[in-house]
Amino acid sequence: MFGIHYRLERKTIGFLLAIVGVASIGGAVEIAPLFTIHQTVEDAPDMRVYTPLEIAGRNIYIREGCYACHSQMIRTLRDEVERYGPYSLAVESKYDHPMLWGSKRTGPDLARLGAKYSDEWHVTHLNNPRDVVPQSVMPHYSWLGRTALRSDDLGAHLAALRKVGVPYTDDMIANATADAYGQAAPDTSYAEGVTKRYGEATNVRAFDGRPGNLTELDALVAYLQILGKLTDAAHKPVAAIGD
Amino acid sequence: MAIEERDPITGYSTTGHEWNGIKELNTPVPRVIYFFLIVTALFAVSYWILMPAWPLGVTYTKGLLGIDQRKTVNESVKLAALERSAWTKRIETETFTQIQAAPELMSAVRQTGPALFGDNCAACHGATAQGGKGFPNLTTTAWLWGGDPQAISDTIRTGINSTHKDSRTSQMMAFGRDGLLKKDEIDNVVAYVRSLSSASAAPALAATKIAAGKAVFTANCVACHSDNAKGNTELGAPDLTDHVWIYGGDAETIFMTIWGGRQGHMPSWDGRLSTLDRKILALYLVDLRRVTP
């Protein structure tokens with residue numbers, strides 16, 4: 001049996017084929033599970049897409065490296081489920097490119113943060129976390145509220161996401177900049193467009209407390225307030241999922 | 001290439017390569033390496049058989065042990081709930097008065113309350129429930145929407161100015177910004193409101209200002225804050241005669257409150273916290289008030 005290798009390495013073609021065979025095992029092990037994707041990723045017909053303002057907030061979340069200290073993934077462990085809520089499902093990250101599950105928690109998990117605290121809290125907290133949580137070690141992000149949001153390129157962001165499978169319509173892409181403004185400016189004609197395109201359940205509020213003044217703070221709070229809120233799939237009884 | 005030369009000392013054959021008289025031995029792999037290779041291979045094979053492993057087109061091999069992390073976590077949550085059911089059942093079914101009269105139930109409330117409060121409420125109301133600017137102090141007797149356990153539990157369920165359909169709603173108008181009152185009228189109301197809670201500050205404030213402020217107050221503020229300025233828990237209007245201030249009781253802050261209005265938000269916890277959780281939290285807060293003077 002142990003003489004096989006001795007004989008094999010003396011035959012060039014045979015040895016080459018053996019190398020290809022062994023090396024492809026690694027690829028096969030990673031690719032094969034994708035064929036059972038319907039068993040892995042649940043169905044969520046109620047899943048909605050991120051609005052342009054939420055996408056902008058998500059980009060800020062990535063830019064500021066929030067994922068380095070905050071995860072967005074509640075594991076199937078009792079203490080996590082009791083603290084944060086239902087464990088995360090794969091489908092909840094369906095439109096996340098890239099996903100922000102994270103692997104380290106200096107701060108708490110944020111997968112179910114949406115609608116947990118008020119906008120005022122997020123604004124105060126991002127401005128200086130110590131104002132509301134004295135023992136916090138999170139840096140302050142006070143400049144976000146003073147920085148105007150760049151929104152002219154949001155249509156391009158949406159178009160790029162559509163290329164990787166997020167179902168944005170032409171209408172959404174064409175109106176991305178206007179919708180980003182409208183979501184933070186309630187009672188304007190722009191706001192109506194957001195509700196029309198993204199659904200009645202979309203949060204349309206002056207997130208940073210100043211309507212009509214579109215800042216990076218608006219975008220980040222809008223994003224934080226939607227975490228875990230794109231679909232109700234995780235809140236359904238477990239028996240209904242994946243079977 | 002028949003190599004039949006053997007090294008006389010070790011007894012192993014050589015590779016046939018030679019460098020300046022030094023010959024390379026073809027030493028076989030030690031048996032222990034083969035042993036561990038075989039053991040790990042056997043472990044892998046048994047793991048495939050016992051645990052979920054191989055994709056099979058539209059499904060996958062589930063494994064003989066039938067282990068599924070989702071089932072495991074659901075069972076452990078259920079088991080923990082069962083362990084606590086001795087007292088959680090009683091808290092769920094009994095009235096607030098009955099629970100408060102039962103020392104063993106209140107002891108359970110005192111044990112579980114801080115964890116629930118810390119995970120959910122402390123971010124805004126503070127770890128000690130004493131709040132902060134814009135976030136009410138829950139350890140006082142001043143409650144916007146009523147401080148009895150049922151009222152607290154209802155507030156937690158629906159939230160205040162939240163997206164819940166039964167949400168408690170309240171808004172203080174922006175009297176200055178919206179042009180309802182002039183700046184000097186607001187100044188007078190500020191003087192009057194400050195005189196209500198701190199009698200010691202009253203002499204320093206001009207009596208005429210206070211009197212003028214009272215007139216403006218009667219015309220504009222009593223609908224919500226009531227005639228004696230004691231507030232109204234039906235409308236979520238705060239008592240202005242006590243020393244508890246959500247946004248601050250100094251002249252400048254009161255001016256800003258009247259000028260720009262206020263509308264606090266508390267999210268709804270319906271769906272996030274169960275009826276049991278809300279009952280425990282309500283009882284915990286009432287109890288906290290009793291022990292903190």
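Guide: Let's start with helix α1 of chain B, residues 31–50: its 20 residues reach 29 Å from first C-alpha to last, close to the 28 Å expected at 1.5 Å a residue. That expected span is 1.5 Å times one less than the number of residues. Helices here are DSSP runs of H or I with at least four residues, strands are runs of E with at least two, and both are numbered from the N terminus. This is a predicted model, so local features need pLDDT of at least 70 and side-chain atom pairs count only at pLDDT 80 or more, while totals for chains, interfaces and linings use all residues. Residues are numbered from 1 along each chain as its sequence is written, with chains lettered from A and ligands numbered from 1 in the order in which they are written.

α1(B) is hardly covered, as the count of buried residues among its 20 is zero. Buried means 20 or more other C-beta atoms within 10 Å of a residue's own, exposed means 12 or fewer, and partly exposed is in between, with C-beta atoms placed from the backbone.

Also in chain B, strand β1 (residues 14–19) runs antiparallel to strand β2 (residues 22–25), joined by three bridges; strands pair if DSSP finds at least two bridges between them. B:Thr14 sits opposite B:Leu25, and B:Trp19 opposite B:Ile22. The two strands make a hairpin with two residues between them, and B:Asn20 in the turn has a positive phi of about 45°. None of the six residues of β1(B) is buried, so the strand lies largely in the open.

Over in chain A, α6(A) is another story. Eight of its nine residues are buried, so it is largely enclosed by the rest of the structure; among them are A:Trp121, A:His122 and A:His125. The cover includes α11 (216–224) of chain A together with α5 (122–125) of chain B.

Now for where the chains meet: 26 residues of chain A are in contact with 22 of chain B, contact meaning C-beta atoms, placed from the backbone, within 7 Å. On the chain A side, α3 (37–40), α5 (78–84) and α6 (119–127) each give two or more residues. By class, that side has 12 nonpolar, seven polar and seven charged residues. Here Ala, Val, Leu, Ile, Met, Phe, Trp, Tyr, Cys and Pro count as nonpolar, Asp, Glu, Lys and Arg as charged, and the others, Gly among them, as polar.

Back to α11(A): its axis and that of α4 (residues 52–63) of chain A come within 7 Å and cross at roughly 95°. Axes are lines fitted to C-alpha atoms, for helices over the stretch in contact, and angles run from 0 to 180 degrees between N-to-C directions. The two helices are therefore roughly perpendicular, a label for 65 to 115 degrees (under 35 is roughly parallel, over 145 roughly antiparallel, the rest oblique). Residues meeting there include A:Leu53 and A:Tyr61 in α4(A) and A:Leu220 and A:Tyr223 in α11(A). The contact divides into eight nonpolar, one polar and four charged residues.

Helices α9 (176–183) and α10 (189–198) of chain A pack at about 105°, axes 7 Å apart. That makes this pair roughly perpendicular. A:Tyr181 of α9(A) and A:Tyr190 of α10(A) are among the contact residues.

Terms used
Contact = placed C-beta atoms within 7 Å.
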